[in-house]
Amino acid sequence: MQQSLIAFGLSTEHLVSIPPDFRVENETANAFQALGRRAAERGLDLRVASAFRDYDRQVRIINDKWTGARPVTDGEGRLLVRARHDDEEWLNLILRFSALPGMSRHHWGTDLDVWDASAVDVDYRPLLSPFEYGPSGPFCEMTRWLDELMAAHDAEGFYRPYASDRGGIAPEAWHISYRPAAIKYQDMVSAELLIPLWRGEPDARGNVHEPLAMLEVIEPKVDHLMERFVAVP
Ligand SMILES: [Zn+2]
């Protein structure tokens, strides 16, 4: 039971804190420290923009994007307008950059969004946009350094699960995953277990969660969504 709770972001017992105030899985924390030391030797200042995120937070993000209470943008950071898209289109636009609750790799504590503080001003806030990590963006050097390490399988166990566009999720150069720990959770995500949670039924511990606002759009195509958004090598 513990492992499936972790897989859906319903457990925090396996997490430790890393600076400034993020939570990650224990082994991931050690590996990330090692990666950070090696980055520093290259003059890079590897920082975390996002780490563990729980199920309830993901529900709030997705529901707010669905209603328009939270902005939805395209790959270039342009704001999209709810009224210009039908329900199905809107869902697909949201899911390019946000996972459905229970289907985010950030639930596991093994995945981090990273940036390089040495390349920008002290008050810079990373947007996690493809431009920043591209050839003329500030984090280009960090991206290239990670590319090299990962190509040589020498990145302290980290890899990029979203390195290429798989038709569903946009490629995310900033998202790295600690494979030895992540591999335990990626096959546990199933529609059978998620749909009751999305309906607002109690989880394995008896806790109740906010239902998904767009459940009737998701349910008829849940198998397709699982295939498109979950299957990661
Ligand atoms: Zn991420």
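Which residue takes a positive phi just after α3? In this predicted model, the position is held by G68, with a phi of about 95°.

The secondary structure of the protein amounts to 10 helices and 6 strands. Along the principal axes, the C-alpha atoms occupy a box of roughly 50 × 40 × 30 Å. A compact globule of 233 residues would have a radius of gyration near 17 Å, and the 18 Å of the protein agrees with this expectation. Buried positions make up 32% of the 233 residues. Among contacts with a separation of 6 or more, 67% join residues 24 or more positions apart.

Helix α3 comprises 13 residues (55-67), and the distance from its first C-alpha to its last is 19 Å, close to the 18 Å expected at 1.5 Å a residue. Within α3, the buried residues are Y55, Q58, V59, I62 and K65. Viewed down the helix axis, the buried residues of α3 fall within an arc of 140° and therefore line one face of the helix. These buried residues pack against α4, which spans residues 87-95.

Terms used. Residues are numbered from 1 along each chain as its sequence is written. This is a predicted model: local features need pLDDT of at least 70, side-chain atom pairs count only at pLDDT 80 or more; totals for chains, interfaces and linings use all residues. Helices (H or I, at least four residues) and strands (E, at least two) are DSSP runs, numbered from the N terminus. The radius of gyration is taken over C-alpha atoms; the globule rule is 2.2 Å times the number of residues to the power 0.38. A residue is buried if 20 or more other C-beta atoms lie within 10 Å of its own, exposed if 12 or fewer, and partly exposed in between; C-beta atoms are placed from the backbone. Two residues are in contact if their C-beta atoms, placed from the backbone, lie within 7 Å. The expected span of a helix is 1.5 Å times one less than its number of residues. The arc is that of the directions from the helix axis to the C-beta atoms.
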